[in-house]
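Please examine the structure below together with its sequence. The paragraphs that follow lead through selected features one after another.

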Amino acid sequence: IESRDCETSFIYVDPPYPESNQGHYAGFGLDDFEALLRVLEGVKGKFLLSSYDYSLLTEYAQRNGWHQQKHTMIVTAKKGVKKKKKVEVFTANYPI
């Protein structure tokens, strides 16, 4: 992010979901997510982050004046498994 960032950049950020076991993404925790949020605090261009609804994300959004949209999604990865509702949050450093 930092190597590509400038005032005219647009960065779409879709990291693994923290602390969820998603195969080859396993091991991405809240500490990693917070490190990403700290990088996003310094972005000169625009960014759009896709994530689940974490209190840590809400704290950073409020502190930095970031904009958020929340969408309730029904998710399941396996056929026959009970579907779950998750809140997907789009966070940006510009009005969305």
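Arg 63 lies over the face of Tyr 60, at 4.2 Å from the ring centre. A charge is said to sit over a ring if NZ of Lys or CZ of Arg is within 6 Å of the ring centre and within 35 degrees of the ring normal. A further case is Lys 46, whose charged end sits over the ring of Tyr 94, 5.3 Å from its centre. This is a predicted model, in which local features need pLDDT of at least 70 and side-chain atom pairs count only at pLDDT 80 or more, while totals for chains, interfaces and linings use all residues. Residues are numbered from 1 along each chain as its sequence is written, and side-chain values use heavy atoms, with hydrogens and water left out.

The sheet comes next. Four strands form an open sheet in the order β1-β2-β4-β3, with mixed pairing. Because β1 and β3 stand at the edges, each with a single partner strand, one side of each is left without a neighbour in the sheet. From one strand to the next, the twist averages 15°; such angles run from 0 to 180 degrees between N-to-C directions, and axes are lines fitted to C-alpha atoms, for helices over the stretch in contact. Helices (H or I, at least four residues) and strands (E, at least two) are DSSP runs, numbered from the N terminus. Two strands pair if DSSP finds at least two bridges between them.

How do the individual strands join? Nine bridges link β3 to strand β4 (residues 84–92), and these two run antiparallel. Here Met 73 stands opposite Lys 86 in β4. Strand β1 is joined to strand β2 (residues 46–52) by four bridges, and the two run parallel; Val 13 stands opposite Leu 49 in β2.

In a regular strand the side chains alternate between the two faces of the sheet. Buried means under 20% relative accessible area, exposed over 50%, and partly exposed in between (1.4 Å probe, protein chains only).

The structure also holds four aromatic pairs. One of them, Phe 47 with Trp 66, is edge-to-face, at 5.0 Å centre to centre and 85° between the planes. Rings of Phe, Tyr and Trp (its six-membered ring) pair if their centres lie within 6.5 Å; planes under 30 degrees apart count as stacked, over 60 as edge-to-face and the rest as tilted. Phe 47 is buried, with a relative accessible area of 0%, and Trp 66 counts as buried at 10% relative accessibility.
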